[in-house]
There are 2 protein chains.
Amino acid sequence: MSKNVLVPIADGTEEMEAVIVIDVLRRAGARVIVASVGDRQVTASRGVRLVADTELSAVAGETFDLIALPGGMPGAEHLRDSPELARLLADQDSAGRLIGAICAAPAVVLAHHGLLANRRATGHPAFQDCLGETADRVAPVVVDGNIITSQGPGTALAFALRLVTALYGEDRAREIAGPMVWSVG
Amino acid sequence: MSKNVLVPIADGTEEMEAVIVIDVLRRAGARVIVASVGDRQVTASRGVRLVADTELSAVAGETFDLIALPGGMPGAEHLRDSPELARLLADQDSAGRLIGAICAAPAVVLAHHGLLANRRATGHPAFQDCLGETADRVAPVVVDGNIITSQGPGTALAFALRLVTALYGEDRAREIAGPMVWSVG
């Protein structure tokens, strides 16, 4: 069964992190909605221009199996400041549905909205101090219940495949990793 | 000194490979021109929409320190079929300037235009048979003179950092790898 995934993007989103997550989840068979906070055409952190499938406001009433947040600054701040995304994330967490966040997003978005209290999480080394006493400063990807976090562009492929495992199981992750010339660690 | 880099894209380009190369080379300080074969808005292999900085025809008279080709199908075929890109690549090679290609691009673009004759190269496992007797089926990244090739999305970050090393030296590659939570292998 196709899984519904939301990947929000904004000006200043880290383009590698966003595109790796979108691409890998689509390879796995998910229906991935790329939704912009602000204009649909986004200028990412290193100037790559991405066009979202829709604006976030147009899908704020939908239910997603996974909401996955790319990092990058000020992209993560724009995600943090969207009241629609804040509400989607609060609903997602209280229903126990999956949330993923990488790089700046665990600290800047999830911790800011109180979604990491007493949870093990990781993030970009520059933001790990904002993750509190339960921060994991070593693991490239950390899973705690319904929340999956990761460190940065260099861990984005492992993060994306861990999201695939959470949605579809490890066999599916292995199947798509091979043709990407990667291995599931 | 800023280096001039051309990254051509087209409908069906592998979006992870394109974006990783663009992002990493910009982190290193290069002036990266993303140029489309065809319309400036491109729909990549897994549906990510990218907007090029310009059309390839607008920069066909420029000289680049590096031309780096992403893979993806049918993206690599569109790159192969551009007469302007074929001429840029021939000039690039005869002047001994750098050419990079990953995934389908070494076979579909470089070998097609006769640029891999008697050269060690690699590419996506599905295309390695098209690389002839000098194919390297093991190394994630292969350097032979001015031509640098790589296998796929899972090797794209190592490939991009090898391009940085070729343009700026290994110290620069190490400097930018750290904040990406990666290491130069």
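Student: Let's start with one residue, then: is A:Ala101 buried or exposed?

Tutor: Keeping in mind that this is a predicted model, A:Ala101 counts as buried, because 31 other C-beta atoms lie within 10 Å and 20 or more are enough for that label.

Student: Which strand is A:Ala101 found in?

Tutor: A:Ala101 belongs to strand 7 of chain A, which covers residues 98–102.

Student: And what does A:Ala101 touch, if I ignore residues up to four places away in sequence?

Tutor: Leaving those out, A:Ala101 touches A:Leu69, A:Pro106, A:Val109, A:Leu110 and A:Thr149. Take A:Thr149 from that list: A:Ala101 and A:Thr149 are 48 residues apart in sequence, yet their C-alpha atoms are 4.9 Å apart in space.

Student: OK, on to helices. Which residues of helix 6 of chain A are buried?

Tutor: In helix 6 of chain A, residues 170–177, the buried residues are A:Ala173, A:Ile176 and A:Ala177. They are on the same side of the helix, because the arc they cover around the axis is only 105°.

Student: Why would residues three or four places apart point the same way?

Tutor: An α-helix has 3.6 residues a turn, so residues with that spacing point the same way.

Student: What do the buried residues of helix 6 of chain A pack against?

Tutor: They pack against two helices of chain A, namely helix 1 (15–28) and helix 5 (156–168).

Student: Switching to chain B, how do helix 5 and helix 6 of chain B cross?

Tutor: The axes of helix 5 (residues 156–168) and helix 6 (residues 170–177) of chain B come within 7 Å and cross at roughly 140°. That angle makes helix 5 of chain B oblique to helix 6 of chain B, and the crossing is right-handed.

Student: Which residues make that contact?

Tutor: From helix 5 of chain B come B:Leu161, B:Val164, B:Thr165 and B:Tyr168, while helix 6 of chain B supplies B:Glu170, B:Arg172, B:Ala173, B:Ile176 and B:Ala177. Sorted by kind, the residues of this contact are six nonpolar, one polar and two charged.

Student: Last topic: how many residues of chain B are in contact with chain A?

Tutor: There are 25 residues of chain B in contact with 25 residues of chain A. On the chain B side, the elements giving two or more residues are helix 1 (15–27) and strand 4 (49–51), and helix 1 of chain B gives the most, with eight residues.

Student: And what kinds of residues are on that side of chain B?

Tutor: The side of chain B that touches chain A has 13 nonpolar, six polar and six charged residues.

Key. Residues are numbered from 1 along each chain as its sequence is written. Chains are lettered from A and ligands numbered from 1 in the order in which they are written. This is a predicted model: local features need pLDDT of at least 70, side-chain atom pairs count only at pLDDT 80 or more; totals for chains, interfaces and linings use all residues. Axes are lines fitted to C-alpha atoms, for helices over the stretch in contact, and angles run from 0 to 180 degrees between N-to-C directions. Helices (H or I, at least four residues) and strands (E, at least two) are DSSP runs, numbered from the N terminus. Angles under 35 degrees count as roughly parallel, over 145 as roughly antiparallel, 65 to 115 as roughly perpendicular and the rest as oblique. A crossing is left-handed if the near helix is turned anticlockwise from the far one by less than a right angle, and right-handed if clockwise. Two residues are in contact if their C-beta atoms, placed from the backbone, lie within 7 Å. Ala, Val, Leu, Ile, Met, Phe, Trp, Tyr, Cys and Pro count as nonpolar, Asp, Glu, Lys and Arg as charged, and the others, Gly among them, as polar. A residue is buried if 20 or more other C-beta atoms lie within 10 Å of its own, exposed if 12 or fewer, and partly exposed in between; C-beta atoms are placed from the backbone. The arc is that of the directions from the helix axis to the C-beta atoms.
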